[in-house]
Amino acid sequence: MRAPAPRYAANDGVIEAAKAALGGMLVEAKDAVGEVSLTVVREKLCDAMIALRDTPGLEYQQLSEIAGVDYPQRAERFDVVYQLLSFTRNHRIRVRVTTDEEKPVPSVTGIWPVAGWLERETYDMYGVLFEGNDDLRRILTDYGFQGHPLRKDFPMTGYVEVRYSEEAKRVVYEPVSLAQDFRNFDFMSPWEGAKYVLPGDEKAPQPEAKGAPTPATAAQGAKADSAPAASQAAQGKDTKTSENTAQTGAGQPHPGNQPGEKPKDPDVPAKGEGQK
């Protein structure tokens, strides 16, 4: 029988211990959806990380991940989020700082060397600068890549496309060329309808206005009522009927198939005769 996965320690008392250890370095602390999140002053990030690592009762020894988040509507549009893990307490915590395109974030490579690769990834995807990282280069995109692909204002099509040129015998970079124009979808419900005319729909008939349709006139109603009657009268003229059973052969024993008689259909051979 497999052993159950270890449960993480509860969040009880974590925020109080963090407030006591960080003091003025802490901007905000909250416990949401079962996770403790701390927002600290950007310039004091390294001091806050050392306090979270070395303070008894906290002891977050491992840096698991660094991630970025982009909020273009804010003055400091970027969140840099650090995920920490305590081995001794089996507990996780999230630390967050905010910045923009120009203000650098202090590097934590002096505390956790693994942060070098994680900070390079955040710089590559978002353009966040890290002060103190001596090897801040792109790590996921190609050489000469323009822009930062995870920013919200980065075009989904990108700026250039890469292909192998058989003529030049090398990889070439070219401006993006699409087979059709790129469309932004508004994700409106189909029955609501767009509040603008899509390209190509200007010649289509315009939809009716909201409300009940215009009732038909008296002349249109009389014409519609007379159409079924005229159709039935026309069908009655061409309908074939039988006046008595003699015309249909009903009641005759084996009509048209008596011994010694030729069938009415010349294509059907009589009894005892084979096909010729």
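1. Let's start with the aromatic rings: a search of the whole structure finds 3 aromatic pairs. Rings of Phe, Tyr and Trp (for Trp, its six-membered ring) pair if their centres lie within 6.5 Å; planes under 30 degrees apart count as stacked, over 60 as edge-to-face and the rest as tilted. One of the pairs is Phe145 with Phe154, whose ring centres are 6.0 Å apart and whose planes meet at 20°, so this pair is stacked.

2. A word on what you are looking at: this is a predicted model, in which local features need pLDDT of at least 70 and side-chain atom pairs count only at pLDDT 80 or more, while totals for chains, interfaces and linings use all residues. Residues are numbered from 1 along each chain as its sequence is written, and side-chain values use heavy atoms, with hydrogens and water left out.

3. Back to the rings. Phe154 also pairs with Tyr159, this time edge-to-face, at 5.4 Å centre to centre with 90° between the planes.

4. Tyr159 leads us on to the surface. Together with Val160, Val162, Tyr164, Val171 and Tyr173, Tyr159 forms a nonpolar patch with about 580 Å² of accessible area. Patches are made of residues with over 30% relative accessible area and no salt bridge; like charges are joined within 9 Å, and nonpolar side chains (Val, Leu, Ile, Met, Phe, Trp, Tyr) within 5 Å. The areas come from the Shrake-Rupley method with a 1.4 Å probe, and for residues only the protein chains shown count as cover. Which strand gives the most to the patch? That is β8, with 3 residues; Val162 lies in this strand. Both β8 (160–165) and β9 (170–175) supply at least two residues each. Strands (E, at least two residues) and helices (H or I, at least four) are DSSP runs, numbered from the N terminus.

5. The strands β8 and β9 are also linked by charge. Arg163 forms a salt bridge with Glu174, the closest N and O atoms being 2.8 Å apart. This pair joins distant parts of the chain, with Arg163 in β8 and Glu174 in β9, 11 residues apart. Arg163 is partly exposed at 38%, and Glu174 is partly exposed at 25%. A salt bridge is a side-chain nitrogen of Lys or Arg within 4 Å of a carboxyl oxygen of Asp or Glu, and the whole structure holds 16 of them.

6. Asp79 is worth a visit too. Its side chain meets that of Arg74 in a salt bridge (2.6 Å, N to O) and that of Arg96 in another (2.9 Å, N to O). Arg96 in strand β5 (residues 91–99) and Asp79 in strand β4 (residues 78–86) are 17 residues apart. Asp79 is buried at 4% and Arg96 is buried at 17%, while Arg74 is partly exposed at 29%.

7. Finally, have a look at Arg120 in helix α3 (residues 115–126). Arg120 lies over the face of Trp117, at 5.8 Å from the ring centre; the criterion is NZ of Lys or CZ of Arg within 6 Å of the ring centre and within 35 degrees of the ring normal. Arg120 is buried, with a relative accessible area of 9%.

Key: Buried < 20%, exposed > 50% of the residue type's maximum accessible area, 1.4 Å probe, protein only.
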